[in-house]
Amino acid sequence: MGVLDRRISAGAMLRNWGIVYCANFLGGLLIALLGTWSGLFASGGNLLGVMTVKIAAGKVGLSFGKAVVLGFLCNWLVCLAVWQATGSKDMAGKILGIFFPILLFVTASFEHSIANMYYISAGLFATNIPAYVDAATAADLDLSGLTWFNFLVHNLLPVTLGNIIGGCSFGALLWFAHGPQAAPVPVPVVVTDGAQTHAG
């Protein structure tokens, strides 16, 4: 919307996207590593580790087209959450504004590239722990497709494309529905006897 309003350039937008995307990826990897090293996934007799691996395996097993569509749907809800939070004037309204769209995209199993940077990385790291792999094998989970290549090419790439299409279409729809944002008209200030008053 900032690009459409000509407040920023497309290059500046892409630079911002790149920095935020890479920083989120590093953050997701770090949290996934800390969760693995801390033994977090051993909770519930390794059941959390099995669930972490299962979620990751399911995500990398999506077809390219399905991942794009699920990414599109997810970012519509994410942008709706941001839009509602931006429109709220108090903290309670902001929390309620983001809560329900995010609840819906999580429960509907839509795909978000930033969330997957953690979820799938955690699953991949968990496969290095024999206890988790043994428990997953005992649960008849197929982990053969859970690889870094499949993560990057068969999930992160199409989901990111879907997120971009969803976010851009949502923003463009709002922009075209409401028109370009007009610059605020400055109110003239009149100084009388050392006091400032607004004209009109």
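User: Is Trp76 buried, partly exposed or exposed?

Analyst: Buried means under 20% relative accessible area, exposed over 50%, and partly exposed in between (1.4 Å probe, protein chains only). Trp76 counts as partly exposed, because its relative accessibility is 29%. Phe72, at 27% relative accessibility, also counts as partly exposed. This is a predicted model, in which local features need pLDDT of at least 70 and side-chain atom pairs count only at pLDDT 80 or more, while totals for chains, interfaces and linings use all residues. Residues are numbered from 1 along each chain as its sequence is written, and side-chain values use heavy atoms, with hydrogens and water left out.

User: How many aromatic pairs does the structure hold, and how is such a pair described?

Analyst: A pair of aromatic rings is described by the distance of the centres and the angle of the planes. Rings of Phe, Tyr and Trp (its six-membered ring) pair if their centres lie within 6.5 Å; planes under 30 degrees apart count as stacked, over 60 as edge-to-face and the rest as tilted. The structure holds eight aromatic pairs. One of them joins Phe72 and Trp76, a tilted pair with 6.3 Å centre to centre and 50° between the planes.

User: Where do Phe72 and Trp76 lie?

Analyst: Helices are DSSP runs (H or I, at least four residues), numbered from the N terminus. Both residues, Phe72 and Trp76, lie in helix α3 (residues 64–87), four residues apart, about one turn of the helix.

User: Why is the pair of Trp148 and Phe151 called tilted?

Analyst: The pair is tilted because the planes of Trp148 and Phe151 stand at 55°, with the ring centres 5.9 Å apart. Phe151 is buried, at a relative accessible area of 0%, whereas Trp148 is partly exposed at 36% relative accessibility.

Terms used
Helix = DSSP H or I, 4+ residues; strand = E, 2+ residues; numbered from the N terminus.
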